[in-house]
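Hi,

Here's the structure I promised you. Have a look, and then read on for what turned up in it.

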Amino acid sequence: MKIFIFTIICLLAVMVCPSCIDDSVTTSPSAQPVFSTDTLKIGYTFTGEGTPTRTFKVFNRNGKGISISSISLREQDTDVSWRINVDGIAGASFSNVDIRANDSIFVLVEATFPKNAVSGKVKREAHLDFVINGVESTVVLHAITENVNTITDMEVVSDMRLTAETPYRIMERIAVMPGATLTLDAGVRLHFHNKAVLQVDGTLLSNGTASQPVLMDGDRFDQVVGRIPYEIMSGQWAGVRFGPESMGNRMEHTVVRNTVEGVTLFSRQDEEIVSEPELTLLRSRITNSQSTVLCSNARNVTAIGCEFSEGGAGLVSLASGRHVINHCTFSNNYLFAAISGAALTVAGQEIRADVSNCIIYGLGADVSPGELDGMDVSIRRCLIRSNGTDDDNFIETIWGEDPRFYTVRNDYLFDYRLKPESPAIGAADPLLTMPEAYVDFYGRRRSADMPDLGAYVYVEPETEQPQ
């Protein structure tokens, strides 16, 4: 009986409680809201295109309700299209917005910015003012904008040069036709839309530098979800494809990321044996591919001082051809699926591969499954994650060691430079270091006497911190 009476009392309390809520509004100037941020960072966006929607909250932590007399933009810039939504209502300005005691409201903001008068990145700021009980508070709206050259479908039929003043957005493809050369100046940025591709049937010369690398990636700059940026998201565009007759390609200080298929070289249609490299990669980063990041089908590749990382189907696949891989870092911490291939796959009876002073580490297999017996493949003075013993193919190997990268996969930090305790520091064979490897991606000089393994030169932490 006592339990029954107690239950009835609780039910009555629940029924009566809503009528007891104090809906009175205070007019005291000291009763002010709390904002979840004082600066709303909208991020980087192209001019002429809508920004991502950004959100902040306005909290009333007072014991009584408050009424926001007005919410409005201070600037009257008719060229900028600001779109604001306050607690589910869209408008240009708002008045008499109530927030009950110990409650909150959402404010959503997005914008479209006109073309900038100058090239390069331009900071845009506006001020969203709130007046509560005669007191004004402000949230700064901050964005970085840049003009963009939009290319839908471009065929390069004669020699062409792209310069770095303004980034390029490719909606469908750039096709370099046979006999033509496309040259990318230092600092060029190519942002590819979904399924867009760079198809090279002629020649590509990508001339990045340590201070101004060439960048090829997707055209999304916001967050995938939460704090995961599109910068680490694969599958945003098709990739770079070198056709069967493409020759003499060179990519230096070039970053290719966020692709479906990475960089692919398709096999020649004739049986002519070519001795020169058909693709030379110098101090470049090929990363974040749903497939491999580099796949060569019976074509010759030279890669020096490069990072190959984050591939769903493994990293580098070399099928036949003549290949030189020197001072490269292979590391696979792919996020979005189980890794189905090795960091380095070599196959084909016609293959000749010389891999030296490299680091091969990460999730998935290290080197292609199966025996390398009888193949003209040497993996010399490399640090490899697995345990093993040297043989005719693996020579002076550093087995089963952790190179101690700065990478923290769970924090989405992918930095393959070396920590002070890394066994790769000073462990390379200087006699195997090729001349192009004496400067790394960041422009740092490699020791001539005790060079470090992998793509990156170790620097003391007090001198340089991970970026």
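Which residues are linked in a network of salt bridges? They are E245, R268, E278 and R299. (A salt bridge here is a side-chain nitrogen of Lys or Arg within 4 Å of a carboxyl oxygen of Asp or Glu.)

Before the rest, some ground rules. This is a predicted model, where local features need pLDDT of at least 70 and side-chain atom pairs count only at pLDDT 80 or more, while totals for chains, interfaces and linings use all residues. Residues are numbered from 1 along each chain as its sequence is written, and side-chain values use heavy atoms, with hydrogens and water left out.

The chain's mean pLDDT (the predictor's confidence in each residue, from 0 to 100) is 92, and 93% of residues reach 70 or more. Residues 1-12 stay under 50. Where pLDDT is low, the predicted coordinates should not be read in detail.

Back to salt bridges: the whole structure has 21. One of them joins R169 and E49 (2.2 Å, N to O). R169 sits in strand β13 (residues 168-176) and E49 in the loop between β2 (39-46) and β3, 120 residues apart. (Strands are DSSP runs of E, at least two residues, numbered from the N terminus.) R169 is buried at 11% relative accessible area, whereas E49 is partly exposed at 25%. (Buried means under 20%, exposed over 50%, partly exposed in between, with a 1.4 Å probe and protein chains only.)

R173 forms a salt bridge with D153 at 2.6 Å and another with E155 at 2.7 Å.

Cheers

Technical notes
Contact = heavy atoms within 4.5 Å. Helix = DSSP H or I, 4+ residues; strand = E, 2+ residues; numbered from the N terminus.
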